[in-house]
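Have a look at the sequence and the fold, then follow the rings below.

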Amino acid sequence: MNFMLDDNKKAAQVFLRVILGDDKIKVRNVRIQSFIQNIYGHSSQLDILAQDSKGRYFNVEVQRSDEGAPARRARFYSSILDTHFLQPGKLYEELPDTYVIFITENDVLHDNLPLYNIRRRIDENAKCFEDGSHIIYVNSQRRDNTALGKLMQDLYCTEPKNLHYHEFAERMEFLKYSKEGEEKMTDVIEEYAARKAEALAKEAAKKAAKKAEEKEQANRIELAQGLLADGMSIEFTVRHSKLTEAEVRELASKLSA
């Protein structure tokens, strides 16, 4: 999906027009894997980032896993767009409208809707609080004959001739059947494999570290139990077992029970 839209303004335009129900959107630029540095905290790599002729920014995230599309991630992405695109010296009123769009494989919000438009509102009168931020969840399981449903069908389609939108078909034809496209996709697959291997290695290292810490904690507990059983004081046991005083006192209470 990323490479279907990469630098493909026509396809990105169709994509956003269908999701937002706005045929007047004109995409100015679109790119994939945009890294946004946050020097004060967590940085982000956005799947797809587009801008239209009105200066609005659209971040599209394609999520296979339900865990990849929590509400607070959408909130964070919305905030990081704000901090990135409001330049020093600019007024708050110049902050561009932003759209964070999650395309999810499953219906993560569980109301069986094809689309969820999420806006801030005032509780006392139910009016929308128009701050220019928009969060949208698209349920890709809804693949009916509506414009949105056909777009979701195209997300899962693997043959250009079966796509509903010719802007996607042209790109897929290029990626699958041209020599240049094949080389591009080979690079993508190799990059994906490298990232996957790196992620698996990090996960394995985390598990190994956790297992080592659990073993070390078990050794500390065993030592403390032996010291307490031999009549050593709480202070002595804390000093030599490296457990906290609360942990040692809990062990002592169990031994005396």
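**Aromatic contacts in brief**

The structure holds seven aromatic pairs, where rings of Phe, Tyr and Trp (its six-membered ring) pair if their centres lie within 6.5 Å; planes under 30 degrees apart count as stacked, over 60 as edge-to-face and the rest as tilted. This is a predicted model, in which local features need pLDDT of at least 70 and side-chain atom pairs count only at pLDDT 80 or more, while totals for chains, interfaces and linings use all residues. Residues are numbered from 1 along each chain as its sequence is written, and side-chain values use heavy atoms, with hydrogens and water left out.

**Phe15 and Phe168**
- Phe15 and Phe168 pair edge-to-face, at 6.5 Å centre to centre and 65 degrees between the planes.
- This pair links distant parts of the chain, 153 residues apart: Phe15 lies in helix 2 (residues 9-20) and Phe168 in helix 5 (residues 166-177). Helices (H or I, at least four residues) and strands (E, at least two) are DSSP runs, numbered from the N terminus.
- Phe15 is buried at 1% relative accessible area, and Phe168 is buried at 4%. Buried means under 20% relative accessible area, exposed over 50%, partly exposed in between (1.4 Å probe, protein chains only).

- Tyr77 and Phe102 form a tilted pair, with 6.4 Å centre to centre and 35 degrees between the planes.
- Tyr77 in helix 3 (residues 71-85) and Phe102 in strand 4 (residues 98-104) are 25 residues apart.
- Both Tyr77 and Phe102 are buried.
- Ring pairs join Phe76, Tyr77, Phe102 and Tyr137 into a cluster.
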